Amino acid sequence: MASRQPQQQNQAQGKVYQFKLVLLGESAVGKSSLVMRFVKDHFDEYRESTIGAAFLARSVQLEDDVTVKFEIWDTAGQERYKSLAPMYYRNANCAVVVYDITQPSSLEKAKAWVNELQRQADPNIVIALAGNKSDLEARRAVPTQTAKEYAEESGLLFFETSAKTDTNVTKLFDEIAKLMPRDQLADSSRGRNKGLNVRGGVDLDHQANANGCAC
Ligand SMILES: Nc1nc2c(ncn2[C@@H]2O[C@H](COP(=O)(O)OP(=O)(O)OP(=O)(O)O)[C@@H](O)[C@H]2O)c(=O)[nH]1
């Protein structure tokens with residue numbers, strides 16, 4: 001399990017593997033909130049909708065000598081940005097497709113993204129389905145079993161998460177990290193350790209919005 005320690009720089013030992021991860025899903029399901037929770041351990045009750053896409057990075061240590069660095073593209077869910085998505089999922093090694101457990105239509109949208117990824121993305125892409133806002137149990141409209149069965153049939157990892165209460169967020173990314181092939185060494189494993197933080201560090205050097213804005 002990755003820890004929540006603040007930045008600890010340049011303590012990388014052993015091998016560092018690097019993967020591109022993309023988040024997809026309807027607007028307002030909580031994609032940015034999941035990333036913010038994972039990368040900064042922070043939650044905003046009122047988050048502005050993403051414009052274009054945002055890029056962040058975080059490394060997690062799986063075992064004593066293995067670190068997985070995620071380069072995360074958080075895409076905008078609004079319909080007007082839909083055509084940009086292939087740019088972000090192209091060459092992605094893994095994807096988190098998010099829906100909101102209080103909005104059945106968001107699961108339908110998530111299924112459409114899964115179909116698109118399975119048709120158009122890298123055939124080896126690892127896909128996780130995340131039913132977010134699990135803290136809103138009283139307003140649940142998507143039964144866990146319905147989503148779980150769909151995920152099993154479609155070969156997806158499945159978690160119900162809450163960015164708000166920090167439920168299953170680290171686990172979601174950890175389980176993806178464990179499934180990634182050990183075949184893409186990061187630069188730091190080749191001797192250039194600049195900017196890499198291990199055990200939950202935030203790679204602030206790489207934190208920028210695709211439009212050039214801070215996020
Ligand atoms: N209760 C609850 N609210 C959440 C959770 N995650 C996100 N939210 C709220 O849902 C709203 C939308 O969250 P975002 O993270 O901006 O959603 P998004 O999917 O990135 O939206 P786009 O950028 O438009 O694609 C915000 O008001 C968040 O505070 C959660 O786990 N629980």
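Helices (H or I, at least four residues) and strands (E, at least two) are DSSP runs, numbered from the N terminus. This is a predicted model, in which local features need pLDDT of at least 70 and side-chain atom pairs count only at pLDDT 80 or more, while totals for chains, interfaces and linings use all residues. Residues are numbered from 1 along each chain as its sequence is written, and side-chain values use heavy atoms, with hydrogens and water left out.

The chain has five helices and seven strands, which follow one another along the sequence as β-α-β-β-α-β-α-β-α-β-α-β. Of its 215 residues, 51% count as buried, that is, under 20% relative accessible area with a 1.4 Å probe and protein chains only. Where contact means heavy atoms within 4.5 Å, residues 24 or more positions apart account for 77% of the contacts with a separation of 6 or more.

Rolling a probe the size of a water molecule over the atoms shows where empty space is left. On a 1 Å grid over the protein atoms alone, a cavity is a set of points where a 1.4 Å probe fits but cannot get out, whereas a pocket is an open set with protein on both sides within 12 Å along at least five of seven lines; lining residues have an atom within 4 Å of a point. Grid points are joined across faces, edges and corners, and a volume is the space filled by probe spheres set on the points.

| Largest pocket | about 540 Å³ | Ala28, Gly30, Ser33, Glu45 and Lys133 |

Helix 1 (31-40) and strand 3 (66-75) each supply at least two residues of the pocket lining, and the largest share, three residues, comes from helix 1. By class, this lining has seven nonpolar, eleven polar and eleven charged residues, with Ala, Val, Leu, Ile, Met, Phe, Trp, Tyr, Cys and Pro counted as nonpolar, Asp, Glu, Lys and Arg as charged, and the others, Gly among them, as polar. Strand 1 (15-25), helix 2 (85-89) and helix 3 (104-120) each supply at least two residues of the lining of the largest cavity, which divides into seven nonpolar, five polar and four charged residues.

The mean pLDDT, the predictor's confidence in each residue from 0 to 100, is 85 for the chain, and 80% of its residues reach 70 or more. Over residues 1-12 the pLDDT is below 50, and this stretch has 35 contacts in the model beyond near neighbours in sequence.

Definitions and conventions
Buried means under 20% relative accessible area, exposed over 50%, partly exposed in between (1.4 Å probe, protein chains only).
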